[in-house]
Amino acid sequence: MRDLVQLRPEGLYCPAGRFYIDPWRPVDVAVLTHGHGDHARVGMGCYHTSAEGLPILQWRLGDQDYRVQGYGETFVLGDARVSLHPAGHVLGSAQVRIEADGQVWVVSGDYKRQPDPTCSPFEVVPCDTFITEATFGLPIYRWPSAADVARDIVQWRDHCAARGEAAILYCYALGKAQRVLAELKPVIDRPVFLHGAIAAGVDVYRRAGIGMADTRLVMEDGGKSAAAGTGFAGELILAPPSAAGSAWLRRFRKAQHGFASGWMRLRGNRRRRNMDRGFVVSDHADWPDLLRTIHETGARRVIATHGDTDALVRTLNEGGVAAETLATQYGEDD
Amino acid sequence: MKRFAALYQELDRSTATLDKRAALVAYFRDAPPRDAVWALYLLAGGKVTSARRKIAAVGEMRAWAATASNTAPWLVDASYDQVGDLAETLALLIPDPAQTAPERGLADWIEEVLVPIANRDEAERRDVIVTAWLGLPFDERLVFNKLLTGALRVGVSQRMVQQALAEMSGVPIARIAQRMLGAWSPSPAFLRDLLSADELPGDRQQPYPFFLASPLEGEPDALGAIDDWLVEWKWDGIRAQLIRRHGEVALWSRGEERLDGRFPEVEAAAAALDVDCVLDGELLAWQDDTAAPMPFSALQTRIQRLKPGPKWLADAPVRMLAYDLLELNGADLRDLPQAERRRQLEALLRRHPDPRLRLSPLVTLADWDEARALRDESRERGVEGFMLKRRNAPYQSGRRRGDWWKWKIDPLTIDAVLLYAQSGHGRRSTLYTDYTFGLWQGDALVPIAKAYSGLDDKEILELDRWLRAHTRERFGPVRSVEPVQVFELGFEGVNLSKRHKSGVAVRFPRILRWRHDKPADQADQLDTLKALAR
């Protein structure tokens, strides 16, 4: 039996359906799992996307030939029956289920199992072969509850406030920032200030009806707001990681710097980025959830695509599940 | 343990000295003395475990954690490679407790749980440690593991701890530093004496904290007229304080270890004096009637010998070259100007000529140009350059910039090829930052040195990326890489060595620059390095 998904120079290819999943070079037919830059690129003939993911692609890729699919609705491409299922990674993220030649394969894209108020929860899709991400493929990665982390963030802001400092929290502009804001909503008492690059994504999420903490722009009133007058002392600010160390920071007279990412589980990563605080909040599955998910899909064959694949593959093989690696070009940002 | 874990976390988080000191002051102020003195002991580099007090060997801890967390041993190793810190790795692997065990203070943990199981059967030690792990939340598990693996490494200097204690107690930092020298046991009584405002009998038996010189970067002309400075040779020996009080002699190294018995010839010379005094100087192996000292390696073999026999004393006789007088007949002279202490030192040694206890001579120079010319002869004289000491400066404690400078000769350099890389520790634990370099012998590259420092953060990242993509083999945390990258290494000296595969041992190797311009086949030959050896 031939493989339903193969690695080609353009990306992951399904020969039965003659389409690519998250390709990194221009192709005619692309099925996208989500809108992060390493998965969604310009130049494709057409894009199949989940309905929830459409506004994100419109924001990131502009006007394109989009083919919108509802979660769980089957559509036919070539000889393959294809459907998209929630992956729980970010708004609109999807797993791709492919049925052809009497087999079922599922490509996970990026996914997580933790509750996330900003997107539909991960759905276990039974399959023969499961192509999984492995960004955090070591048992040292186990996530604390995001609600607890949100309380830690507010506590940190208050600690900064007592010292007359701004609390600048770096997080990725698509997905992580909105999730942090949604987790903060029930526990925070004051608006959160946003860097412009984050605000654009927050608007997309708000229009999609996602509830998040109140926000203001750092540049509100042309950067002459009352908060700006005090150098944003005592305020929480969300900024993209690229703002760290940039001239943009000059407006904050005194500040502490934090980073929200699964990578912050290791002190070495926090110190390497010169962060005062690391907040462990991830949009990827941690180690126990990788193993649990693989088990629940019932897959007898597993292919790990990106991240720390070595340990996961060996663990699965030792546990009696045939596992291997495919070298994709997806990143390990979180 | 909660309080100590919180202190550890605050120290680990903060990069600002003031914040760290404030955290220390708050801890020492609020913690029970029993806990506080253990914290002090650990922050000063003391360890709970030792060769004679075995509680949990590193290999045992890995095995116990593997079982307790239901993790395959190879997966524990793979995790450790990623984290780079064993205490942290194991804390991450052990599951969080469903219910936290009742709180126990730092001293109770050490004295009532850990010390009593020392040297017991493995099963007994394992049960206690694993039970502890399963009852502690993450932050406390991490610190608990740090107690077992030995080093806190939390970016706090001895001096910062002493500043905090001084700020809290009002006792001058110099006295605190002096009282903390040498070996002490972490008892509440020690802490009480340490912070006592009164003079204690023990105060008179301790060495003084050493005043350390800073490296002079650039030219000395910026220091002003040469007449304001005393110039001495910089000796390549062991810095030591020779103490004679009430006729009893003690010898302390700069590493705060007592050297008593190792250098009997020097102790005999001190015993023969007719006054009490504390001398600061350099121990050197030096044959009589020769112009230059023996290489450092000769001294190194002597320091290993607890009680050297006549052959050792004849083969590598040791003398002390004194350059400072800190105390005379019970009077602390450290606040006197350098030149005045020197004058009294000269008078003292003039009255007691002894080949084993000599004056480190002053070098008389008309100006900095003459100094530069003479400094070029350093290598032939077996010295490392000059020491510059401001004539009117007091004897301070620790490394304070401004009054004592070491003006060393430029290092020897060689172009070597990168062979192996290993991940670093602490801040660099997720990067490959420990490098091994080799030189050519025929068409083979022979490893000659390891170096850790010398690249900036950007270069470290670039090299890290390069070597991940050009790895040949992996042995645990070590990678062998394609022998392509050439680096200029600097080092202080080369000695012939039978213990090293290359036949030479280099002193203080470090990376001076990355030679992007140089292909590997143009790196230096091993023979070139051997020719520099003494």
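Domain bounds, as I use them here, come from an automatic or database domain assignment.

**Ground rules.** I'm working with a predicted model, so I noted that local features need pLDDT of at least 70, side-chain atom pairs count only at pLDDT 80 or more, and totals for chains, interfaces and linings use all residues. Residues are numbered from 1 along each chain as its sequence is written, while chains are lettered from A and ligands numbered from 1 in the order in which they are written.

**Chain A, domains.** I looked up the assignment for chain A and got domain 1 (6–140 + 284–325) and domain 2 (146–279). Their C-alpha centres lie 30 Å apart. Where they touch, 14 residues of domain 1 of chain A are in contact with 16 residues of domain 2 of chain A; contact here is C-beta atoms, placed from the backbone, within 7 Å. On the domain 1 side I found 8 nonpolar, 5 polar and 1 charged residues. For those classes, Ala, Val, Leu, Ile, Met, Phe, Trp, Tyr, Cys and Pro are nonpolar, Asp, Glu, Lys and Arg are charged, and the others, Gly among them, are polar.

**Chain A, sheet.** Next I traced an open sheet of 6 strands in chain A, with order 1-2-3-4-5-6 and mixed pairing. Strands (E, at least two residues) and helices (H or I, at least four) are DSSP runs numbered from the N terminus, and two strands pair if DSSP finds at least two bridges between them. Strand 1 (6–8) and strand 6 (66–69) of chain A each have a single partner strand, so one side of each has no neighbour in the sheet. Strand 5 (residues 46–50) of chain A runs parallel to strand 6 of chain A, over 4 bridges. In strand 6 of chain A, A:Q69 is the residue opposite A:S50.

**Chain B, domains and sheet.** Chain B is assigned domain 1 (2–149), domain 2 (211–408) and domain 3 (412–532). I get 35 Å between the C-alpha centres of domain 1 and domain 3 of chain B. I also found an open sheet of 4 strands in chain B, order 2-12-10-3, with mixed pairing. Its edges are strand 2 (214–215) and strand 3 (229–235) of chain B. Strand 2 of chain B pairs in the parallel sense with strand 12 (residues 404–408) of chain B, over 2 bridges, and B:S214 faces B:W405 there.

**Cores.** Which residues have the most contacts inside the largest nonpolar core? They are A:V96, A:L169, A:A177, A:L181, A:I237, A:L238 and B:A39, in a core of 154 residues. A nonpolar core is a set of buried Ala, Val, Leu, Ile, Met, Phe, Trp, Tyr and Cys residues joined through C-beta atoms within 7 Å. Buried means 20 or more other C-beta atoms within 10 Å, exposed 12 or fewer, partly exposed in between, with C-beta atoms placed from the backbone. Helix 3 (residues 33–43) of chain B gives the largest share of this core, 8 residues. Leaving aside neighbours within four places in sequence, B:A39 is in contact with B:F4, B:L7, B:Y27, B:A31 and B:L106.

Most residues other than glycine have a negative phi, so I checked exceptions. B:N119 has phi near 65 degrees and lies in the loop between helix 7 (106–114) and helix 8 (122–135) of chain B. Buried or exposed, B:N119? With 9 C-beta neighbours inside 10 Å, B:N119 counts as exposed.

Terms used: Two residues are in contact if their C-beta atoms, placed from the backbone, lie within 7 Å.
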